[in-house]
Each structure stands twice: as C-alpha cells, then as structure tokens.
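The following note sets out several points on the structure shown below.

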Amino acid sequence: MTGNHRNSGFTRRRALAVTGGTVAAGGLAVTGYQSAFADTTETTAEATATTEATATGACMTLMSSVTEGPYYLDGALVRKDITEGKSGVPLTLRLTVVDATDGCTPVKGAAVEIWHCDAWGYYSGYTTANPGGSAPAESEDGSTANDATYLRGYQIANANGVVKFETIFPGWYTPRTCHIHLKVHTGGEKEDGTYEGGKVNYTGQLFFDDMVAEEIFALEPYSRHSGSYTTLDNDMVYDGGGASSGLLTLKPVHKADPSKGYKGSLSLAVDPDAENTGAGSGGGGAGGTPPSGTPTGAPPSDAPSESAGPSASASS
C-alpha cells in the first residue's frame with residue numbers, strides 16, 4: 001500500500017472456506033455483474049443472464065456463513081441510499097441472491113442487509129471505537145449523518161433476486177482489511193421502515209481488490225487515516241477464494257479518475273431453508289471488539305426516514 005498503509009501480521013482465519021469449484025463461482029459472479037448493472041427497467045436482461053448461468057452450470061457453490069462481527073445493530077432502515085451525507089468515494093453496489101439448492105434460481109423478496117464503516121473506519125452506533133492508526137474523531141467529518149444509523153440498510157430483492165445500494169467505499173480499521181458486512185433474510189416483511197420477522201439465511205462479508213483500495217485510500221477523506229492497513233492476504237476472514245469468498249467485481253465509473261466512484265457486484269448463493277445469524281461466534285467475532293457501553297438494539301425514533309436523502313438526515 002502507499003503512504004503509511006502497511007500489511008499487518010495477523011493470522012488469517014479461514015472462516016469463509018467454500019467447497020467446490022472456484023471457476024464456476026467466478027463465472028456466476030461475472031454473469032451477475034453483467035445483468036445487475038442494467039437499469040431497473042431491464043429486468044428481461046437480468047432474467048436472461050440468470051437463466052444462462054443456470055443452463056451452463058455456472059452456479060456458485062453454497063457460501064459459508066461467518067460471524068456478524070462486533071458492530072451489528074438491529075433495526076436498520078429499508079432504503080437504497082445509506083450514506084446520510086457521509087463523505088467518500090461513491091460506490092453503487094448490486095447483489096444478486098440465488099438459491100444454490102435449486103439451480104441458482106433468483107430468490108425473489110430476499111432482504112439483503114449491509115453495514116460498513118465510514119472513510120475513517122468508524123461504524124454508526126460505535127463512533128468512539130478507535131479504528132487504529134491515526135484518524136480524526138468521527139465528529140470531525142462535517143456531515144449531518146445520524147450517528148446511530150449511517151451506512152446501514154436493507155433492500156428487498158426484485159423478481160430476478162437483485163438489490164441495489166448507493167453508498168461510499170468503506171475505509172478500514174485495525175486489524176481488518178476493507179470490507180462490507182451483510183445478511184440475507186427471508187420470510188419476513190417490511191414494517192415501520194425496517195424489516196421484521198423471518199430468518200437469517202446467510203451472514204457474510206464483501207471484499208475489495210487491494211489495488212483498488214490503495215488508490216482510494218490515497219484520496220481525501222481516506223488519506224487522513226494513516227496506519228497499518230491489512231491487505232487481503234493477511235486478513236483474518238478472507239480466505240483467498242475470490243468471488244466465492246465474497247470478493248466483489250469492481251468497475252470504475254471513470255477509469256482515469258477513481259474519485260468518481262465504483263460499481264461493485266456479486267452473486268450470493270444461499271440456502272433459503274438454512275438459518276445462520278452469525279451471532280455469538282467467537283465472542284466479539286472477527287474484526288475486533290467494540291468498546292464497552294456501546295448501544296445495542298434498534299435505532300432511535302428520530303432516525304432518518306426511508307426516503308430521506310443525504311441532506312435530510314438528523315444530526316447528532
């Protein structure tokens with residue numbers, strides 16, 4: 001990495017090991033990318049891509065769940081834009097949920113929940129947790145983001161199993177590499193702006209190519225966080241399996257200017273009949289332990305609404 005970012009020597013934890021062919025997994029991820037970045041009106045193209053992947057056997061092996069980590073909170077809002085004005089390089093994220101037990105057919109109505117840190121390594125709900133290295137206090141970012149809800153949210157999969165999020169490229173915190181947490185839920189329903197009921201079928205993490213992360217972290221505001229950044233090879237969770245282990249396919253919005261943002265995609269092959277919350281494994285779980293006295297449970301009543309844009313978030 002450039003600047004002050006160096007590899008850390010933490011032992012990798014092979015928690016995301018996936019059996020079966022990595023080549024087939026990569027094939028589905030590419031197919032998912034091609035279909036997922038079509039406009040929402042191009043549902044026929046998405047369906048065709050999914051059908052072709054199934055017909056050719058390019059079906060991702062069932063992905064193994066991992067711990068949810070120490071920074072999970074209940075009650076995230078159903079919304080596409082989760083930034084709440086947090087600054088960073090834009091990231092459009094499209095994920096395709098498929099049923100690995102039924103020929104990789106789309107899982108319509110699956111609720112995909114994601115959460116990740118901001119550009120300096122801080123999570124909403126845990127804004128006093130030290131991200132490691134040297135970073136400004138979270139309160140210095142100048143945004144109006146609600147400290148209990150930013151960079152967290154749900155989306156409900158369409159008929160082709162596709163969800164879309166608008167967010168920012170995550171920063172990093174010691175001892176982890178750059179990543180996004182996620183859960184796939186089924187059987188519940190949207191209620192009071194969040195998702196209630198059902199069960200969690202899959203708990204996992206999404207990862208980013210080191211070369212892309214390096215160029216992003218050299219930009220503002222990421223560059224104000226200096227220290228020992230953990231690369232993929234040294235991460236305690238990522239097991240080197242590429243797409244089958246959560247590595248996103250990334251495409252720059254503008255090749256000559258990474259600050260314009262990226263589009264990221266991946267297909268998630270899950271078992272809709274399985275249940276894995278990812279909670280309670282290994283104490284704080286992979287990713288470190290949050291400070292004592294941090295909030296748990298649902299966000300406060302003044303949390304921004306589903307339709308609230310980045311400038312409409314409540315300050316805190």
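1. The sulfur of C117 lies 6.8 Å from the closest cysteine sulfur, that of C178, which is too far for a bond. Seen from the other residue, the closest cysteine sulfur to C178 is that of C117, again at 6.8 Å and too far for a bond. A disulfide is here a pair of cysteine sulfur atoms within 2.5 Å, and a search of the whole structure finds zero of them.

2. C117 counts as buried at 1% relative accessibility, and C178 is buried with a relative accessible area of 0%. Buried means under 20% relative accessible area, exposed over 50% and partly exposed in between, computed with a 1.4 Å probe on protein chains only.

3. As to the basis of these values, this is a predicted model, in which local features need pLDDT of at least 70 and side-chain atom pairs count only at pLDDT 80 or more, while totals for chains, interfaces and linings use all residues. Residues are numbered from 1 along each chain as its sequence is written, and side-chain values use heavy atoms, with hydrogens and water left out.

4. An open sheet of four strands has the order β4-β3-β6-β7, with antiparallel pairing. The edges are β4 (152-156) and β7 (194-207), each with a single partner strand, so one side of each has no neighbour in the sheet. On average, neighbouring strands of this sheet are turned by 25° against each other, direction ignored; the axes are lines fitted to C-alpha atoms. Strands (E, at least two residues) and helices (H or I, at least four) are DSSP runs, numbered from the N terminus.

5. Within that sheet, β6 (residues 179-191) pairs with β7 in the antiparallel sense over twelve bridges. Two strands pair if DSSP finds at least two bridges between them. H179 stands opposite F207 in β7.

6. Strand β5 (residues 162-168) is mostly covered, with five of its seven residues buried. Seven bridges join β5 to β1 (residues 90-99), and the two run antiparallel. L91 stands opposite T167 in β5.

7. In helix α3 (residues 210-217), the buried residues are V212, A213, I216 and F217. Seen down the axis of α3, they fall within an arc of 125°, so they line one face of the helix; the arc is that of the directions from the helix axis to the C-beta atoms. Their cover includes β8 (249-252) and β9 (262-270), where contact means heavy atoms within 4.5 Å.

8. D209 caps the N-terminal end of α3, with a side-chain oxygen 2.9 Å from the backbone nitrogen of M211.

Methods:
Polar contact = N/O pair within 3.5 Å; in protein donor to acceptor, adjacent residues only side chain to side chain. Axes fitted to C-alpha atoms, helices over the stretch in contact; angles between N-to-C directions.
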